[in-house]
Amino acid sequence: MGATPTSFVSRRNSLDENGNKMLNEYIREHKIGSSSYGKVALYKSSVDGKHYEIKSFHKSHLWKLRVAPFETAMTDVLR
């Protein structure tokens, strides 16, 4: 699996010619798992052909979810 730096991107959802879900230039292959913060799926880049694990979550939910008195789940993720 290819390693990717952690980044937050705006998503553009669509379908490829075979009906597979796409996220920007990445084609979803299958779900890997889920965590308390989101879901993880295996995607293949249509640009370089490498596989990437992408974790998706709702930022608005993480900003509201408290994990400590002065910390939200989003600040925990960003650490």
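Tutor: Happy to! Along the sequence, their pattern reads β-β-β-β-β-α-β-β-α. Please keep in mind that this is a predicted model, in which local features need pLDDT of at least 70, side-chain atom pairs count only at pLDDT 80 or more, and totals for chains, interfaces and linings use all residues. Residues are numbered from 1 along each chain as its sequence is written, and side-chain values use heavy atoms, with hydrogens and water left out.

Of the 79 residues in the protein chain, 23% are buried; buried means under 20% relative accessible area, exposed means over 50%, and partly exposed is in between (1.4 Å probe, protein chains only).

Now to the core. The largest nonpolar core has 5 residues in all: Leu23, Ala41, Tyr43, Tyr52 and Ile54. A nonpolar core here is a set of buried Ala, Val, Leu, Ile, Met, Phe, Trp, Tyr and Cys residues joined through side-chain atoms within 4.5 Å. Strand 4 (39-45) and strand 5 (51-56) are the elements that give two or more residues to this core.

Setting aside neighbours within four places in sequence, Tyr43 is in contact (heavy atoms within 4.5 Å) with Leu23, Tyr26, Ile27, Arg28, Glu29, Lys50, His51, Tyr52 and Ile54. Leu23, Tyr52 and Ile54 are also among the core residues.

Stay in strand 4, where you will find Ser45. Ser45 counts as buried because its relative accessible area is 5%. Not counting residues up to four places away in sequence, Ser45 touches Glu25, Tyr26, Lys50 and Tyr52.

Next, look at the loop between strand 3 and strand 4, which holds Gly38. Gly38 has a relative accessibility of 12%, so it counts as buried. Its C-alpha atom is separated by 5.5 Å from that of Ser56, 18 residues apart along the chain. With residues up to four places away in sequence left out, Gly38 touches Lys55, Ser56 and Phe57.

Asn24 is found in the loop between strand 2 and strand 3 (26-34). Asn24 is buried, because its relative accessible area is 17%. Although not a glycine, Asn24 has a positive phi of about 55°. Most residues other than glycine have a negative phi.

One more loop deserves a visit: Asp16 lies between strand 1 (13-15) and strand 2 (21-23). Asp16 is buried yet has no salt bridge, and the nearest side chain of opposite charge, Lys44, is 10 Å away. For this, Lys and Arg count as positive and Asp and Glu as negative, while His and the chain ends are not counted; a salt bridge is a side-chain nitrogen of Lys or Arg within 4 Å of a carboxyl oxygen of Asp or Glu. The side chain of Asp16 does reach two backbone nitrogens, that of Asn18 at 3.0 Å and that of Asn20 at 2.7 Å. Beyond residues up to four places away in sequence, Asp16 touches Met22 and Ile27.

Technical notes
Helix = DSSP H or I, 4+ residues; strand = E, 2+ residues; numbered from the N terminus. Polar contact = N/O pair within 3.5 Å; in protein donor to acceptor, adjacent residues only side chain to side chain.
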